[in-house]
Amino acid sequence: MLTDSDVLRAFPAIKDIGDARLRKLSTDVWRFVSERNPAWTDIERIPLHPTMPIATHGNLVKHVIAMARLSEALVPIYRDLWKQDLDLDTFRTAVYVHDAAKVIEFSEKDGAIAGIPGYNHAIEAGRIVRELGGPEPLAHMVEAHSLSGPLVVPRTRDAQLFLLMDPMCLNVFPEQGPGVLERHLKANGREDPKTLERYRSPI
Ligand SMILES: [Fe+2]
Ligand SMILES: [Fe+2]
């Protein structure tokens, strides 16, 4: 079982979320998933995916921290260049909860980690946010965040940006094996597009 203090120790910047309801939601989602699979007792041991060993790619905590830092950077960029006023607390909260359902999805058996086939951690996280009374736009950001498996197409600015941020914050590169885009194409039943030139403009 992961406690609130385990979650706050891994993600100390949750306390910077100004909106008290969103700050509480950030830990409530982790409590919800831990109650369903209490086997995880050390949040640092949760990988990104069973096929992405922590030793090579880093753990889930680092991915979440990277997304939180990227959110801090995005807000002033979008405000200054395009007058798009992103709500930092909404992005922060989406970051902290978006992959929490991996606590339910993954389990460790004899030192190997396995996922539940067909489980969509993004859609589940969206359901959990709704069940806990979180804002609908935030639930949508979370449910549409993943390019792995059947894609939930983002319907909002915030959900579109959030979906694009997620694969950026992964230490998973072609130099280390299949890169993020190759993995995502495969997860969606599509081949790596052949990049050999087939047509050349006459001009
Ligand atoms: Fe995810
Ligand atoms: Fe993620």
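I took helices (H or I, at least four residues) and strands (E, at least two) as DSSP runs, numbered from the N terminus. On that basis I placed His-63 in helix H4 (residues 60-82).

Conventions. I worked on a predicted model, where local features need pLDDT of at least 70, side-chain atom pairs count only at pLDDT 80 or more, and totals for chains, interfaces and linings use all residues. Residues are numbered from 1 along each chain as its sequence is written, chains are lettered from A and ligands numbered from 1 in the order in which they are written, and side-chain values use heavy atoms, with hydrogens and water left out.

Entry: His-63. I looked up its burial; His-63 counts as buried because its relative accessibility is 4% (buried is under 20% relative accessible area, exposed over 50%, partly exposed in between, with a 1.4 Å probe and protein chains only). I then listed contacts (heavy atoms within 4.5 Å), leaving aside neighbours within four places in sequence. His-63 touches Leu-48, His-98, Asp-99, Asp-166, Cys-169 and Leu-170.

Entry: iron site. I searched for donors (N, O and S atoms within 2.8 Å of the metal, 3.2 Å for Na, K and Ca; water is not among the atoms, so sites may look incomplete). For the iron ion (ligand 1), I found Asp-99 (OD), His-121 (NE2) and His-145 (NE2) as protein donors, lying 2.1 Å from the ion. Their spacing along the chain reads D-x21-H-x23-H. Asp-99 coordinates both the iron ion (ligand 1) and the iron ion (ligand 2), which are 3.4 Å apart. Asp-99 sits in the loop between helix H5 (88-97) and helix H6 (102-105) and His-121 in helix H7 (residues 121-131), so the pair ties together parts 22 residues apart in sequence. I noted both Asp-99 and His-121 as buried.

Entry: Ser-146. I found Ser-146 in the loop between helix H8 (136-143) and helix H9 (157-168). Ser-146 counts as buried because its relative accessibility is 9%. Beyond neighbours within four places in sequence, Ser-146 contacts His-121, Ala-122, Leu-151 and Leu-163.

Entry: largest pocket. I read its volume as about 630 Å³. Its lining has 30 residues, with His-49, His-121, Ser-148, Gly-149 and Ala-187 nearest the centre. (A pocket is an open set of points on a 1 Å grid over the protein atoms alone where a 1.4 Å probe fits, with protein on both sides within 12 Å along at least five of seven lines; lining residues have an atom within 4 Å of a point.) Helix H10 (180-187), H6 and H7 each supply at least two lining residues. H10 gives the most, with five.

Definitions and conventions:
Points joined across faces, edges and corners; volume = space filled by probe spheres on them.
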